[in-house]
Amino acid sequence: YREAKITRLFQPTLSGNGKAVMIVNISPCRKDLDETVHALKYSSVAREVVNIATAASPRTKRKVQLPGTDGGGISTMQQALSEIQNLSMQLSEAKEALSTMEVQVRQDLSKQWATSLKSLQTSMLQHYEEQEECTAQWYARKAELHERRLEDMKQALALKMEENQSKQDCSMA
């Protein structure tokens, strides 16, 4: 049987130990003609399926043999059940170990990411400080150039004023 909920639900019926009734829903609408025809065909085929019940005697011990063993494997149902319990315990231990390992891996990755982000943050801060220093130097240089230009303009203005003064003195004399 497939591992589906509906298969598990109908497992006794499908194995022949129960009764099943099939109800086919059809539609008189012309648009549903294809679906109605398919439903009727399926029901006519399914009606001819006969499932014969097979009842196992509870008094006899069944022998269970795993595939790949040559008779030296599990011999009774009780041994099979104990083997299943043993394997279930191993599975739960493996799941727990896997969960622990996953937590450890997540913690390691978190630490690596934190370290990487801290390094990136330090690098960005250093770059920002360098940019700030370069900008400060640029503004200082610009201010120095403006001061020189201002001094040059003052000197030029002073010379012009002296020239104008000397021209006025000459024209008055």
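User: Is Arg-106 buried or exposed in this model?
Analyst: This is a predicted model, where local features need pLDDT of at least 70, side-chain atom pairs count only at pLDDT 80 or more, and totals for chains, interfaces and linings use all residues. Residues are numbered from 1 along each chain as its sequence is written, and side-chain values use heavy atoms, with hydrogens and water left out. Buried means under 20% relative accessible area, exposed means over 50%, and partly exposed is in between (1.4 Å probe, protein chains only). Arg-106 has 53% relative accessibility, so the label is exposed.

User: Which helix do Arg-106 and Glu-102 both lie in?
Analyst: Helices are DSSP runs (H or I, at least four residues), numbered from the N terminus. Arg-106 and Glu-102 sit four residues apart, about one turn of the helix, and that helix is α4.

User: How many salt bridges does the structure hold?
Analyst: Besides Arg-106 with Glu-102, there's Lys-154 with Glu-151, their closest N and O atoms being 4.0 Å apart. Arg-141 also meets Glu-144, at 3.4 Å from N to O. The count for the structure is four.

User: About what area does the nonpolar surface patch with Trp-113 have?
Analyst: Trp-113 belongs to helix α4, residues 77–172, and counts as exposed because its relative accessible area is 58%. Patches use residues with over 30% relative accessible area and no salt bridge, joining like charges within 9 Å and nonpolar side chains (Val, Leu, Ile, Met, Phe, Trp, Tyr) within 5 Å. Accessible areas come from the Shrake-Rupley method with a 1.4 Å probe, and for residues only the protein chains shown count as cover. The patch, with Met-101 and Leu-109 among its members, has an area of about 750 Å².

User: What does Ser-43 touch, not counting residues up to four places away in sequence?
Analyst: Ser-43 is in helix α3, residues 33–47. At 15% relative accessibility, Ser-43 counts as buried. Contact means heavy atoms within 4.5 Å, and the residues touched are Met-22 and Val-24.

Terms used
Helix = DSSP H or I, 4+ residues; strand = E, 2+ residues; numbered from the N terminus. Salt bridge = Lys/Arg side-chain N within 4 Å of Asp/Glu carboxyl O.
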